[in-house]
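Hello,

Here is the structure I promised to pass on to you. Have a look at it first, and then read on for what turned up in it.

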Amino acid sequence: MSDTSAKAAAAAAPKKKGSLQRHRTLIAYSFLLPNLIGFMVFTFVPIAFSLVLSLCDWGAGNTGIKFVGLDNFIQMFTQDKSFWISLKNTLYYTVVTVPVTLLIALLLAILVNKPIKGRTFFRSVFFFPYVASLVAVAVVWMALFNPDKGPVNSILMALGIANPPRWAASQTWAMPTIIGLTVWKGMGYYMIVYLAGLQGVNPELYEAAALDGANKWQQFLNVTWPCITPTTFFNLMMLIVATFKSYDIMYITTQGGPGEATKVLAYHIYNSAFVSGKFGYASAVAMILFVIVACVTLIQFRVEKRFTDYL
Amino acid sequence: MRTKRVTAAALTALMAASMVGCGGTSGGSASSANASAGAAAGKDAGSGTIRVALWDYSNTEYYKTIFEAFQKKYPNIKIEPVEFSADEYVTSIKTQLAGNEDYDVVFMKDLPTMSTLIAQGHLKSLDEFMNGDSEFDKNAYSGLIDSLTVDGKTYGVPFRKDNNLLFYNKDLFDAAGVEYPKDGMTLKEYEDLAAKMTKGEGNDKVYGAHIHTWPSNVYMYARRDGTFDETKPDTYDSLLSAYNTILDMQSKGYVMDYGSLKASNIHYSGVFYNQSVAMMQMGTWFINMLVENADFNWGVCSLPSDAGTDNKAAVGGVTPVTMGAYGKNSAAAWTFIKYVCGEEGAEVLAGTGILPGYSSTKINEIFDNLHNTNEYAPEGLSKYINIDKYIIEFPMDKNGGDIDQIFQEEHSAIMTGTETAEQGIANLKSRVSALQ
Amino acid sequence: MTKKNIIGKVILYIVLILLAIGMLVPFAWMISASLKAEKDVFSFPIQWIPTNPKWANYVTIWKKVPLLIGFRNTITITVIATALQVITSSFAAYAFAKLTFKGRDTIFLAYVMTIAIPWQVYMVPQFIMIKNMGLTDTLVGLILMQSFTATGVFLMRQFYIGIPNELLEAARIDGLSEYGIWAKIMLPLSKAAVATLIIQGFVFEWNDFMGPLIYLSSSNKKTVQLMLRMFNTQYSSNYALIMAAATVSLIPVFVLFIFLQRYFVQGIAAAGIKG
């Protein structure tokens with residue numbers, strides 16, 4: 001300890017600025033490296049390789065890798081109707097799932113953050129779908145929403161709705177059904193993240209706001225919301241990414257159908273790679289996904305920077 | 001920034017080099033395979049360990065029976081089964097072979113996957129082994145070896161074959177006083193029979209027939225009549241009459257609704273076991289399932305056909321056994337393949353009610369005898385398994401995987417009423433043509 | 001307490017209870033189905049409490065699947081991978097959130113970008129690499145593969161960003177080293193985030209079956225989910241057994257969550273940070 005304080009004292013001298021910089025960088029890297037090495041080897045390099053593949057024709061066989069330039073992309077944009085359909089479906093899925101999940105998660109977090117009896121129980125209940133294995137809950141969900149004999153439609157019919165939606169069996173309702181399952185399964189996690197964020201808000205801020213005569217809504221707007229903005233950024237990012245690359249829900253429930261109603265980009269990537277055996281082409285589609293998410297991330301970075309500067 | 005780019009480039013190069021390295025080794029093992037193939041043609045049955053990739057090993061009794069019998073006959077060869085989950089078998093095996101895993105024997109789930117693996121060079125041609133081997137009888141496989149041949153090279157031997165039949169619940173027909181379904185019905189007669197057998201309401205409703213959710217549950221009728229071929233879009237119009245009949249049966253409530261089946265993932269076996277359907281088209285593997293599970297009398301007849309195909313042709317699938325390109329023990333692998341797909345393996349399969357790829361009079365007898373050991377099984381089953389013309393449900397094609405996928409999508413759109421049969425068939429044509 | 005407050009509280013409880021019921025219905029169905037005979041699973045109207053609970057279903061799955069081996073393997077993978085992930089992620093996140101060094105934003109961007117790539121895209125190259133290291137069909141290979149996730153780093157950074165810099169500056173003036181700050185200030189302040197990360201990692205690794213499916217082929221190395229997945233496909237028509245198996249696999253995750261609740265309750269509010 002005395003050693004470090006000596007260093008800090010020495011660092012304070014302006015002429016040593018260069019070596020201090022180097023020292024700081026070294027320390028920073030010592031924090032970073034344990035994760036960075038593993039990340040590079042097991043994730044980054046395979047991904048980098050895959051992205052290079054997007055310019056190649058490769059069938060994951062020993063028939064060799066052929067460089068084809070932008071052919072994969074040209075084919076994707078001009079000939080592959082499924083690509084456009086799945087891009088559209090992905091946007092639909094994301095644009096609805098993200099705000100709905102975020103809103104419900106925040107509401108739930110605020111509710112279960114209140115000093116009430118049994119809040120631990122409620123938190124566990126809302127969180128539980130997240131920990132459950134998808135395979136199991138998807139089967140249950142599909143049984144509940146069975147168009148003919150499912151309890152949901154039985155209730156709707158009892159309420160006098162003669163032709164209730166045919167849920168996963170209908171072109172129009174298949175996507176909403178899957179969005180419902182996604183939100184129900186995922187919101188508990190985002191609620192927990194929000195909860196951690198809410199508990200980081202200094203209670204003195206509320207007291208000060210209350211003294212200034214702010215009502216609950218004003219307190220939320222002026223205290224809670226700004227304080228949990230980093231959490232919202234995190235949730236937003238994770239949700240967008242998760243919805244963009246999700247395919248397992250569709251794989252288990254509708255197989256992308258009826259027709260191509262619930263076929264999303266990630267599903268198209270999976271099909272191109274493992275059904276068609278075109279790994280180069282699959283990488284090219286993944287590249288598009290990558291670019292979209294890169295744009296979203298950059299925008300998020302900008303906004304976040306402005307926000308933290310303001311703080 | 002610059003250093004990073006260089007590092008990234010270097011890492012990518014390393015990656016590429018390691019993959020080229022894989023290619024190199026595989027070339028080596030392929031040539032050593034040739035050398036051992038020469039040995040297999042002689043008397044050498046091989047020895048050592050063979051790695052066998054397959055699914056459903058732990059819950060399928062016949063695998064164990066056959067493997068044990070093999071082990072007894074060839075004590076020098078040790079079998080190491082590697083089991084994958086059935087649903088993910090295709091994905092797993094494709095990844096594993098891309099990583100040059102050294103499986104000597106690979107059980108193949110479907111022909112589209114097999115076509116892809118052949119195109120990727122992950123499977124070994126079996127010609128060198130087959131041709132020099134007098135113990136191997138190519139003609140015992142109902143011509144199915146041809147369907148496993150690409151560009152003049154054969155890559156697999158049929159372990160199982162399956163032929164589609166119309167199964168029916170005799171007890172339900174007796175109770176309703178309706179005559180059993182018979183060979184040579186037209187689709188219209190089939191629908192009328194289903195109408196007659198549909199009874200009741202709600203939970204106790206008995207459906208006249210059951211159409212499972214695979215596209216093949218519709219297209220096999222046209223396929224068997226010889227008017228339809230998945231790889232030829234100009235033959236797709238022949239699907240229309242089967243689609244119209246089945247859609248009509250669905251809208252009139254003679255069969256369960258496709259969307260409902262799909263949504264609750266209802267297995268075809270359950271509805272037949274609990275006697276809520278009177279007739280069901282299914283593959284011959286269902287004989288084995290019924291032998292083990294049915295507690296009512298059941299029977300079979302040939303599929304309905306508008307072309308009067310009757311029992312002259314059968315349509316179905318095949319489960320081939322293949323040899324992995326990176327296996328190290330080809331001689332022993334061939335001995336194994338020859339055994340499980342040959343007479344000995346076939347008899348074990350037939351004893352459980354599974355139709356083996358290998359045919360012989362002995363196999364026919366075993367099926368005819370099922371009736372004696374199982375009171376509910378019908379007599380004279382061999383008539384339905386011993387058929388001259390055997391048509392593969394889905395022929396091998398380099399675009400097999402894609403075509404299959406397109407059929408899945410359009411089939412679900414047609415069956416859920418999202419598009420009419422005509423629109424769906426038009427979409428099928430344009431989408432499959434675009435692949436070629 | 002004023003009248004208005006009481007009414008508010010009652011409404012709050014009603015809302016919470018209704019929501020809770022909505023959330024729990026599918027699980028109730030799952031447990032109820034797991035205790036039924038196969039033919040009763042889909043019968044309607046739903047019988048929530050089976051008149052003749054068939055506990056034998058649980059005995060059957062225990063007999064059909066070597067669950068003990070599976071639990072052992074799953075626990076090994078989950079515990080080690082989660083621990084590695086928490087330690088290395090919070091370390092790296094501190095560097096990204098609170099230290100300045102050349103290339104920080106570029107490297108961080110590289111991390112974030114990889115989150116967006118579906119695994120299927122690089123599954124094959126990754127398999128080839130891990131195979132060349134001789135780590136396929138080993139628990140070590142699977143652990144390493146899952147220990148350095150970008151999401152973990154991203155989560156921790158997001159929390160660290162929210163911790164005021166003044167607090168760190170004060171600590172630095174007090175003579176604390178960066179490691180000391182990480183251990184004495186950042187970690188204690190981010191207990192909730194660490195708990196979130198543990199749960200996230202735990203849930204992912206516990207429920208993952210694609211990874212084990214492709215990387216583990218020997219039967220004594222298989223994980224619980226892999227066994228359950230194979231069980232599900234092998235007994236695809238037996239919902240009662242599938243639901244029993246699902247219930248069994250859920251219990252450990254649920255228990256862990258109950259334990260970690262403490263951290264959420266305790267929270268980080270008491271730390272006395274000036275905003």
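Predicted model: local features only at pLDDT ≥ 70, side-chain atom pairs only at ≥ 80, totals over all residues.

Let's start with helix 19 of chain B. On the face turned away from its buried side, this helix carries the exposed residues Ser430(B) and Ser433(B). Which residues of helix 19 of chain B are buried? They are Gly424(B), Ile425(B), Asn427(B), Leu428(B) and Val432(B). Looking down the axis of helix 19 of chain B, you would find the buried residues within an arc of 160°, so they line one face of the helix. The cover over these buried residues includes helix 10 (240-251) and helix 18 (400-415) of chain B.

Helix 19 of chain B has 15 residues (421-435), and at 1.5 Å a residue they should span 21 Å; the C-alpha atoms at its ends are 21 Å apart, which agrees.

Next, chain A. It has 14 helices and 2 strands. Along the principal axes, the C-alpha atoms of chain A fill a box of roughly 75 × 65 × 30 Å. Of its 311 residues, 49% count as buried. Among the contacts in chain A with a separation of 6 or more, 68% come from residues 24 or more positions apart.

Chain A and chain C touch each other, with 82 residues from chain A and 74 residues from chain C in the contact. On the chain C side, helix 13 (residues 239-266) gives the most, with 10 residues. Sorted by class, that side has 52 nonpolar, 18 polar and 4 charged residues.

Finally, a word on confidence. The model scores ipTM 0.79 and pTM 0.81. Chain C has a mean pLDDT of 81, and 92% of its residues reach 70 or more. Among the elements of chain C, helix 3 (residues 67-98) has the highest mean pLDDT (91), and helix 13 the lowest (74). Over residues 265-275 of chain C, pLDDT stays under 50; the model has 17 contacts beyond four places in sequence for this stretch.

Happy exploring!

Notes: Residues numbered from 1 in each chain as written. Chains lettered and ligands numbered in written order. Helix = DSSP H or I, 4+ residues; strand = E, 2+ residues; numbered from the N terminus. Expected span 1.5 Å × (residues − 1). Buried ≥ 20, exposed ≤ 12 C-beta atoms within 10 Å, placed from the backbone. Arc of directions from axis to C-beta. Contact = placed C-beta atoms within 7 Å. Nonpolar A, V, L, I, M, F, W, Y, C, P; charged D, E, K, R; others polar. pLDDT = per-residue confidence, 0-100.
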